[in-house]
Amino acid sequence: MLFSHNLIHTLAGFNQADQLGGASYDLLDAVFDASPVGIYVVDTEFRIRLVNRVARPVFGNIGELIGRDFAEVIHILWPEEYAAEIARRFRHTLETGEPYVTPRRAEWRRDSGMLEYYEWSIHRIVVLDGQNSVVCYFIDIGERVRAEASLAHLAAIVTSSDDAIISKDLQGILQTWNAGAQRIFGYTADESIGKPATLLMPPDRVNEEPEILERIRRGEVIDHYDTVRQRKDGSLVDISLTVSPLRDGTGRIIGATKIARDISERKQAERDKALLSRELQHRTRNMLGIIQSIARRTLTSGTSVEQAKNVFLARLTALGHANELLAHGDWHGAALKDVVERALEPFAMRFSAEGRRILLNSKATQGFTLVIHELSTNAHKHGAFSVPSGTVAIRWTLDDTSKPARLMFRWEEAGGPQVVPPKQTNFGTQLLKAAIGGAEVHFDFAAQGLIYTLAVPISTVVDEVA
């Protein structure tokens with residue numbers, strides 16, 4: 001068996017092959033062909049002499065290999081530059097006996113047009129007839145390279161992720177910790193790895209961990225589970241948690257991987273939405289109450305239907321102006337000066353408004369709007385605004401001497417017709433008295449014009465004083 005004789009001398013290093021029996025030759029034949037490493041031999045005439053089972057597919061579909069010119073074969077397989085390098089390396093080892101071990105190589109195959117990855121080494125050997133040959137051992141590392149690239153890609157994702165990506169064993173001990181975990185929870189990798197996962201749990205959530213571990217042992221995936229965790233500084237953070245079983249190469253569950261996403265903004269938005277909904281319901285009920293009160297008083301004041309309709313619509317329009325101001329300030333309130341100037345827009349240049357910056361709350365904004373609307377409507381019909389020469393001065397101050405401190409508001413007309421006190425109290429007068437809850441109101445029907453004053457505890461109407 002020439003193949004076995006060659007194999008003995010070239011690969012096994014035996015010098016006395018003739019002392020071995022046929023059974024030994026057969027055994028070496030089997031070992032050679034079953035080797036997971038590709039092996040082939042090129043003789044001194046640069047012809048392929050031996051090729052094992054793993055090596056044959058690498059040479060592609062180029063027909064019989066044994067006896068083929070090695071240089072011819074590699075020029076079929078590889079681009080000219082790489083084929084020339086291989087031939088040069090083989091000839092150098094054949095002539096000098098100097099072995100060569102290549103670093104990882106990635107080369108295009110000329111015959112298939114595909115990129116392949118190999119590690120290979122060559123050594124000079126002496127075959128049975130005493131001539132030198134070169135044996136090449138090689139490994140196709142394509143799968144390994146692709147796996148490493150995939151792992152590197154995955155590692156880059158984990159490293160750069162804003163989410164916390166961590167792992168723990170089946171005892172709940174933290175094993176890995178990425179930058180996202182440090183950003184969300186505040187602990188560094190050194191501070192967290194080796195510690196129990198309960199490190200991140202507030203006291204009232206610690207009982208979640210045994211249940212999570214038990215589900216992981218059963219192979220379950222816990223997907224998008226909203227919960228709360230505790231940061232290093234003790235503050236709480238809303239997270240969405242996905243937990244998956246971590247398996248070894250045999251498929252055995254050895255732990256769990258966790259992806260935790262900070263959902264604080266989403267949770268805050270949900271809370272804001274719920275608060276806004278409750279606030280909207282509250283404001284709607286209040287608004288309907290105000291409208292019902294205006295409608296009831298207006299439509300039962302003894303005036304004609306047409307007059308009542310006009311008055312009612314005017315008051316609703318004033319209320320709408322108040323709500324526009326509130327909406328502009330996100331319903332937190334409006335400046336008293338803005339309320340005054342918006343309500344008196346039709347009488348520009350006929351009034352003056354001065355006072356400290358007072359930010360009214362939403363209820364007081366509506367109340368003052370209705371008050372100023374009633375005063376301006378009355379002034380337009382009977383008072384200062386009914387004649388070209390009439391003016392109104394609006395002033396407000398903060399009385400810090402009283403207990404509690406009070407907002408003092410004053411409406412003073414001048415230049416209009418002589419004032420005549422009303423003979424009966426109408427809804428407008430009632431509204432001026434009651435629009436601002438807790439206020440003390442006074443009417444002075446002076447000959448030169450109406451003077452209306454209002455004093456109210458600052459804490460009931462004001463959000464901010466500058």
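Q: Are helices H3 and H4 roughly parallel or roughly antiparallel to each other?
A: The model is predicted: local features need pLDDT of at least 70, side-chain atom pairs count only at pLDDT 80 or more, and totals for chains, interfaces and linings use all residues. Residues are numbered from 1 along each chain as its sequence is written, and side-chain values use heavy atoms, without hydrogens and water. H3 (residues 70-77) and H4 (residues 80-96) pack at about 150°, their axes 8 Å apart; axes are lines fitted to C-alpha atoms over the stretch in contact, and angles run from 0 to 180 degrees between N-to-C directions. Angles under 35 degrees count as roughly parallel, over 145 as roughly antiparallel, 65 to 115 as roughly perpendicular and the rest as oblique, so H3 and H4 are roughly antiparallel.

Q: Which residues of H4 make the contact with H3?
A: Helices are DSSP runs of H or I with at least four residues, strands are E runs of at least two, and both are numbered from the N terminus. Contact means heavy atoms within 4.5 Å. H3 contributes Phe70, Ile74 and His75. From H4 come Glu80, Ala83, Ala84, Ile86, Ala87 and Phe90.

Q: How many nonpolar residues does the contact of H3 with H4 have?
A: Ala, Val, Leu, Ile, Met, Phe, Trp, Tyr, Cys and Pro count as nonpolar; Asp, Glu, Lys and Arg as charged; the others, Gly among them, as polar. The contact has one polar and one charged residue. Its nonpolar residues number seven.

Q: Are the rings of Tyr40 and Phe59 stacked or edge-to-face?
A: Rings of Phe, Tyr and Trp (its six-membered ring) pair if their centres lie within 6.5 Å; planes under 30 degrees apart count as stacked, over 60 as edge-to-face and the rest as tilted. The count comes to 17 aromatic pairs. Tyr40 and Phe59 have ring centres 5.2 Å apart and planes at 80°, so this pair is edge-to-face.

Q: How many residues apart in sequence are the parts that Tyr40 and Phe59 tie together?
A: Tyr40 sits in strand E1 (residues 38-43). Phe59 sits in the loop between strand E2 (48-51) and H3. The separation in sequence is therefore 19 residues.

Q: Is Phe59 buried or exposed?
A: Buried means under 20% relative accessible area, exposed over 50% and partly exposed in between (1.4 Å probe, protein chains only). The relative accessible area of Phe59 is 4%. Phe59 is therefore buried.

Q: Where does Trp411, the partner of Phe385, lie?
A: Phe385 and Trp411 form an edge-to-face pair, 6.5 Å centre to centre with 80° between the planes. Phe385 is in the loop between helix H12 (362-381) and strand E15 (391-399). The pair ties together parts 26 residues apart in sequence, because Trp411 lies in strand E16 (residues 406-414).

Q: How far from Phe409 is the C-alpha atom of Tyr452?
A: Tyr452 is in strand E18 (residues 449-457). Beyond neighbours within four places in sequence, its contacts include Phe409, Trp411 and Leu432. Tyr452 and Phe409 are 43 residues apart along the chain, with their C-alpha atoms separated by 8.2 Å.

Q: Is the crossing of H11 and H12 left-handed or right-handed?
A: Helix H11 (residues 336-343) packs on H12 at about 35°, with axes 9 Å apart. A crossing is left-handed if the near helix is turned anticlockwise from the far one by less than a right angle, and right-handed if clockwise. The crossing of H11 and H12 is right-handed.
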